[in-house]
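Welcome, and please open your viewer.

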Amino acid sequence: MAFPSDTFTGASGDLDVMIPKIWGQKLNDFFRASLVMGNFFTNRSEELSGGGNIVYTPNITEISANSKSTGSAVTLNSPTETSVTLTVSNWFEASFAIEDREAAFVKHSYTIMETYSQAAAYAVSKKLDTALALLFVSFSQSVGASTAAIADSNIRAAIAYLDSANIPQDNRAFFVHPNVFWNQIQALDKFSLAINSPVQDPVAKKPLAYLYGIPVYQTTQIQYVSGTTGRVNALAHKDALHFATSPLGSGGSKGAMVGSEGIRVQANYVPEYLSTLVTADVLYGVIENRDLAGVRILTS
């Protein structure tokens, strides 16, 4: 016999009121850019631990050796020295407040307070990282062009700039946008062919992030060349850029936490609003410390 046509229907039908709609256990948190600048370049924050907002760094000029003959006076070196001024004045914050009722309503497994606290800390951390990346454009030494892909000759020229300026060969790194690394650098046979890279299979393995033995950091924090779609990548020694964060302290919060790069996260309960206010903030300064210790690498 034919099956009856008037059976119960599911969603949006007879049984709709009995079918639960489930909010799952997982949150789709936003993906974060790789923040690498603060971990690489020179952090002067400790020098402000006792207060202050300016760090002066004297520059020592190379002195000259002069010939000496019997009976003659020595020739004195008397260079006029300069200094680099690192000023801490940039203050950024990211804050949110959740009232008790809403906190009670939200699915507890989402740990919403912790999740948004981490997002706030990332927001201010990114400000510092971006400020350091923006200094790449100030390097007076430059290779490449914003309209062309990087070439092996650009990479070698950048290294030659640092070597010619007697920059120490340790504590150097390349900073490039992922599109530059994968679409341009890995398109160069020298860095991708197995015959040239015997320690790695260019297809089966992720390429080792080194160029001529120098580490490569990939980050979307690499900035655009002004007015173009090109990127200001860089090769730099860690002393090329300096930064400092000021110790903001705990304010009025007993729960304040300060991270390694001076990112403060604190929470305060505000009774008159029956609300928990969370704020992440940072007070920082950045400076190009040694111009010859960095090379901007322009690419399309």
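Leaving aside its neighbours within four places in sequence, which residues is Phe175 in contact with? Select Phe175 and look around it: the residues it touches are Val36, Met37, Phe40, Phe41, Phe136, Tyr217, Ile222, Asn233 and Ala234. Keep in mind that this is a predicted model.

**Stop 1: the nonpolar cores**

Now widen the view to the largest nonpolar core, which has 56 residues. Colour Met37, Phe136, Phe174 and Phe175, because these are the members that touch the most other members. Helix H3 gives the most to this core, with 7 residues. In soluble globular proteins, nonpolar side chains tend to be buried together. There is also a second, separate core of 6 residues, and among them you can pick out Leu48, Val55, Val88 and Ala244.

**Stop 2: helix H3**

Select residues 112–134 to show helix H3, and find Ala119 in it. Is Ala119 buried or exposed? Its relative accessibility is 15%, so Ala119 counts as buried; the cut-off for buried is under 20%. Not counting residues up to four places away in sequence, Ala119 touches Phe30 and Arg32. Next, draw a distance from the C-alpha atom of Ala119 to that of Asp29: the two are 90 residues apart along the chain, yet 8.9 Å separates these atoms.

Stay in helix H3 and click on Thr115. Thr115 counts as buried because its relative accessibility is 17%. Its side chain reaches the backbone oxygen of Tyr110 at 3.3 Å. With neighbours within four places in sequence left aside, the contacts of Thr115 are Leu27, Asp29 and Tyr110.

**Stop 3: the sheet**

Switch to a cartoon view and look for the open sheet. In what order do its 6 strands lie? The order is E5-E14-E9-E6-E8-E7, and the pairing is mixed. Strand E5 (142–144) and strand E7 (210–211) stand at the edges; each has a single partner strand, so one side of each is left without a neighbour in the sheet.

Zoom in on strand E5 and strand E14 (residues 294–299): they run parallel, and 3 bridges join them.

**Stop 4: helix H4**

Now select residues 152–164, which form helix H4. This helix has 13 residues and reaches 18 Å from its first C-alpha to its last, close to the 18 Å expected at 1.5 Å a residue. Helix H4 lies across E5, E6, E7, E8, E9 and E14, and it runs at about 170° to E5. Show the side chains of Asp152, Asn154, Ile155, Ala158, Ile159 and Leu162, which are buried in H4.

**Stop 5: positive phi**

For the last stop, we turn to backbone angles. Most residues other than glycine have a negative phi. Asn166, which follows H4, has a positive phi near 60°.

Move on to Asn171, in the loop between H4 and E6. Asn171 is not a glycine, although its phi is positive, about 60°. With a relative accessible area of 42%, Asn171 is partly exposed.

Finish at Tyr212, in the loop between E7 and E8. Tyr212 has a positive phi of about 50° and is not a glycine. Is Tyr212 buried or partly exposed? At 38% relative accessibility, Tyr212 counts as partly exposed.

Definitions and conventions: Residues are numbered from 1 along each chain as its sequence is written. This is a predicted model: local features need pLDDT of at least 70, side-chain atom pairs count only at pLDDT 80 or more; totals for chains, interfaces and linings use all residues. Side-chain values use heavy atoms; hydrogens and water are left out. Helices (H or I, at least four residues) and strands (E, at least two) are DSSP runs, numbered from the N terminus. Buried means under 20% relative accessible area, exposed over 50%, partly exposed in between (1.4 Å probe, protein chains only). Contact means heavy atoms within 4.5 Å. A nonpolar core is a set of buried Ala, Val, Leu, Ile, Met, Phe, Trp, Tyr and Cys residues joined through side-chain atoms within 4.5 Å. A polar contact is a pair of N or O atoms within 3.5 Å; within protein, one must be able to donate a hydrogen and the other to accept it, and residues adjacent in sequence count only if both atoms are side-chain atoms. The expected span of a helix is 1.5 Å times one less than its number of residues. Two strands pair if DSSP finds at least two bridges between them. Axes are lines fitted to C-alpha atoms, for helices over the stretch in contact, and angles run from 0 to 180 degrees between N-to-C directions.
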